[in-house]
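Morning, everyone. Please bring up the model on your screens, and we will walk through it together.

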Amino acid sequence: MGKKFIIFFTCIIPTIVNATDMCARDDVMVLAFDPMVAGTKSTYDLYEWAWTATFPYGQIKGDATCLSEAEGLGRTTPMGAYYGTGEYSSTFITADSGLSGTDANGAERKACWCKITHPATGRWVLYGNLKSGHQCTTECASACGSRMTSNTVLRKAFIETIGL
(Lines give C-alpha, C1' and ligand atoms only; values in the text may rest on other atoms or scores of the structure.)
Protein backbone atom coordinates (compact mmCIF):
# COMPACT_ATOMS: atom_id res chain seq x y z
CA MET A 1 0.00 0.00 0.00
CA GLY A 2 2.80 2.45 0.89
CA LYS A 3 4.60 1.85 -2.42
CA LYS A 4 1.43 2.57 -4.45
CA PHE A 5 0.87 5.75 -2.44
CA ILE A 6 4.38 7.03 -3.19
CA ILE A 7 4.14 6.13 -6.90
CA PHE A 8 0.75 7.86 -7.13
CA PHE A 9 2.06 11.12 -5.64
CA THR A 10 5.26 10.92 -7.65
CA CYS A 11 3.13 10.95 -10.82
CA ILE A 12 0.44 13.47 -9.76
CA ILE A 13 2.46 16.21 -8.00
CA PRO A 14 4.62 17.12 -11.04
CA THR A 15 1.47 17.37 -13.16
CA ILE A 16 -0.16 19.80 -10.72
CA VAL A 17 2.99 21.89 -10.36
CA ASN A 18 3.41 22.22 -14.15
CA ALA A 19 -0.27 22.90 -14.90
CA THR A 20 0.06 26.66 -14.41
CA ASP A 21 3.09 26.76 -16.66
CA MET A 22 1.29 24.88 -19.40
CA CYS A 23 -1.66 27.30 -19.39
CA ALA A 24 0.42 30.49 -19.51
CA ARG A 25 3.33 29.46 -21.68
CA ASP A 26 5.70 32.16 -22.98
CA ASP A 27 3.76 35.06 -21.42
CA VAL A 28 0.93 34.72 -23.95
CA MET A 29 -2.36 36.32 -23.02
CA VAL A 30 -5.59 34.89 -24.42
CA LEU A 31 -8.51 37.30 -24.87
CA ALA A 32 -12.00 36.26 -25.93
CA PHE A 33 -13.85 38.99 -27.83
CA ASP A 34 -17.39 38.17 -28.94
CA PRO A 35 -18.90 40.61 -31.45
CA MET A 36 -22.38 39.38 -30.53
CA VAL A 37 -22.03 40.62 -26.93
CA ALA A 38 -23.24 44.21 -26.61
CA GLY A 39 -21.47 46.69 -24.38
CA THR A 40 -23.00 48.19 -21.27
CA LYS A 41 -21.66 51.76 -21.49
CA SER A 42 -19.16 53.99 -23.24
CA THR A 43 -17.19 57.11 -22.42
CA TYR A 44 -15.03 59.44 -24.46
CA ASP A 45 -12.48 62.22 -24.12
CA LEU A 46 -13.09 64.87 -26.77
CA TYR A 47 -9.70 66.51 -26.32
CA GLU A 48 -7.64 63.29 -26.31
CA TRP A 49 -9.67 61.70 -29.14
CA ALA A 50 -10.04 58.62 -26.93
CA TRP A 51 -12.98 56.35 -26.18
CA THR A 52 -13.77 53.44 -23.87
CA ALA A 53 -16.42 50.75 -24.25
CA THR A 54 -17.36 48.56 -21.29
CA PHE A 55 -18.44 44.95 -21.80
CA PRO A 56 -19.32 42.14 -19.40
CA TYR A 57 -15.82 40.73 -20.06
CA GLY A 58 -13.95 44.04 -19.52
CA GLN A 59 -13.10 47.38 -21.11
CA ILE A 60 -11.91 48.07 -24.63
CA LYS A 61 -10.18 51.39 -25.26
CA GLY A 62 -9.43 53.14 -28.51
CA ASP A 63 -8.61 56.25 -30.48
CA ALA A 64 -10.50 58.29 -33.04
CA THR A 65 -9.50 60.48 -35.97
CA CYS A 66 -11.09 62.37 -38.85
CA LEU A 67 -9.75 61.80 -42.35
CA SER A 68 -10.41 63.26 -45.77
CA GLU A 69 -11.51 60.96 -48.57
CA ALA A 70 -7.94 60.94 -49.95
CA GLU A 71 -6.45 60.06 -46.53
CA GLY A 72 -9.00 57.24 -46.27
CA LEU A 73 -7.78 55.94 -49.65
CA GLY A 74 -11.16 56.72 -51.20
CA ARG A 75 -13.14 54.95 -48.49
CA THR A 76 -16.25 56.80 -47.23
CA THR A 77 -18.60 53.79 -46.84
CA PRO A 78 -19.54 51.21 -45.55
CA MET A 79 -19.32 51.28 -41.78
CA GLY A 80 -16.80 48.69 -40.64
CA ALA A 81 -14.42 48.94 -43.63
CA TYR A 82 -10.72 49.00 -42.80
CA TYR A 83 -9.06 49.29 -46.19
CA GLY A 84 -9.11 51.65 -49.17
CA THR A 85 -11.00 51.37 -52.45
CA GLY A 86 -10.01 50.72 -56.06
CA GLU A 87 -6.27 50.13 -56.40
CA TYR A 88 -6.07 50.42 -52.59
CA SER A 89 -8.70 47.74 -51.93
CA SER A 90 -6.23 45.64 -49.95
CA THR A 91 -4.36 48.53 -48.30
CA PHE A 92 -5.00 49.29 -44.64
CA ILE A 93 -5.61 52.89 -43.58
CA THR A 94 -2.73 54.46 -41.69
CA ALA A 95 -3.16 57.73 -39.80
CA ASP A 96 -2.46 59.54 -36.56
CA SER A 97 -5.23 59.86 -34.00
CA GLY A 98 -6.87 63.22 -33.45
CA LEU A 99 -6.68 64.63 -36.98
CA SER A 100 -9.21 67.31 -37.86
CA GLY A 101 -9.67 70.35 -40.10
CA THR A 102 -8.33 69.88 -43.63
CA ASP A 103 -5.68 67.64 -45.16
CA ALA A 104 -2.52 68.84 -46.98
CA ASN A 105 -4.56 69.43 -50.16
CA GLY A 106 -7.24 71.46 -48.38
CA ALA A 107 -9.89 68.71 -48.40
CA GLU A 108 -12.20 68.60 -45.40
CA ARG A 109 -11.64 65.77 -42.90
CA LYS A 110 -15.15 64.54 -42.21
CA ALA A 111 -14.84 60.73 -42.22
CA CYS A 112 -14.70 59.35 -38.67
CA TRP A 113 -12.28 56.45 -38.16
CA CYS A 114 -11.80 54.44 -34.95
CA LYS A 115 -9.34 51.83 -33.71
CA ILE A 116 -8.79 49.62 -30.69
CA THR A 117 -5.69 50.38 -28.63
CA HIS A 118 -6.25 48.30 -25.47
CA PRO A 119 -6.10 45.42 -24.49
CA ALA A 120 -5.00 44.66 -28.06
CA THR A 121 -4.22 46.85 -31.06
CA GLY A 122 -6.28 46.88 -34.23
CA ARG A 123 -6.45 48.81 -37.50
CA TRP A 124 -8.42 51.95 -38.31
CA VAL A 125 -12.08 51.09 -38.96
CA LEU A 126 -14.52 53.45 -40.65
CA TYR A 127 -17.41 54.61 -38.48
CA GLY A 128 -18.87 56.84 -41.17
CA ASN A 129 -18.76 60.02 -43.19
CA LEU A 130 -20.21 62.89 -41.17
CA LYS A 131 -21.83 66.05 -42.55
CA SER A 132 -18.86 68.30 -41.87
CA GLY A 133 -15.34 68.41 -40.50
CA HIS A 134 -16.63 70.31 -37.47
CA GLN A 135 -19.18 67.58 -36.74
CA CYS A 136 -16.44 64.95 -37.09
CA THR A 137 -14.22 66.84 -34.64
CA THR A 138 -16.94 67.14 -32.02
CA GLU A 139 -18.61 63.73 -32.40
CA CYS A 140 -16.08 61.17 -33.67
CA ALA A 141 -14.66 59.90 -30.35
CA SER A 142 -18.12 59.70 -28.83
CA ALA A 143 -19.48 57.84 -31.86
CA CYS A 144 -16.63 55.31 -31.80
CA GLY A 145 -17.29 54.36 -28.18
CA SER A 146 -21.07 54.30 -28.36
CA ARG A 147 -21.15 52.33 -31.62
CA MET A 148 -18.60 49.86 -30.29
CA THR A 149 -21.08 49.01 -27.54
CA SER A 150 -24.21 48.99 -29.71
CA ASN A 151 -23.30 48.05 -33.30
CA THR A 152 -22.46 44.43 -34.13
CA VAL A 153 -21.04 45.26 -37.59
CA LEU A 154 -18.55 47.75 -36.15
CA ARG A 155 -17.63 45.44 -33.24
CA LYS A 156 -16.97 42.59 -35.67
CA ALA A 157 -14.72 44.81 -37.81
CA PHE A 158 -12.76 46.01 -34.77
CA ILE A 159 -12.17 42.43 -33.66
CA GLU A 160 -11.21 41.26 -37.17
CA THR A 161 -8.43 43.87 -37.39
CA ILE A 162 -6.65 42.85 -34.19
CA GLY A 163 -3.19 41.67 -35.10
CA LEU A 164 -3.39 42.62 -38.79
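First, the ground rules. This is a predicted model, where local features need pLDDT of at least 70, side-chain atom pairs count only at pLDDT 80 or more, and totals for chains, interfaces and linings use all residues. Residues are numbered from 1 along each chain as its sequence is written, and side-chain values use heavy atoms, with hydrogens and water left out.

Now the rings. Rings of Phe, Tyr and Trp (its six-membered ring) pair if their centres lie within 6.5 Å; planes under 30 degrees apart are stacked, over 60 edge-to-face, and the rest tilted. That rule gives four aromatic pairs. One of them is Y82 with Y83, edge-to-face, at 5.6 Å centre to centre and 80° between the planes. What about Y82 and F92? Their centres are 6.2 Å apart and their planes at 20°, so this pair is stacked. Ring pairs link Y82, Y83 and F92 into a cluster.

Buried or exposed? Buried means under 20% relative accessible area, exposed over 50%, partly exposed in between (1.4 Å probe, protein chains only). Y82 is buried at 16%. Y83 is partly exposed at 30%, and F92 is partly exposed at 28%.

Next, strands: DSSP runs of E, at least two residues, numbered from the N terminus. Strands pair if DSSP finds at least two bridges between them. β4 (residues 111-118) and β5 run antiparallel, joined by four bridges. C114 has V125 in β5 as its bridge partner.

Last, T52. It sits in strand β2 (residues 50-55). T52 is buried, at 14% relative accessibility.
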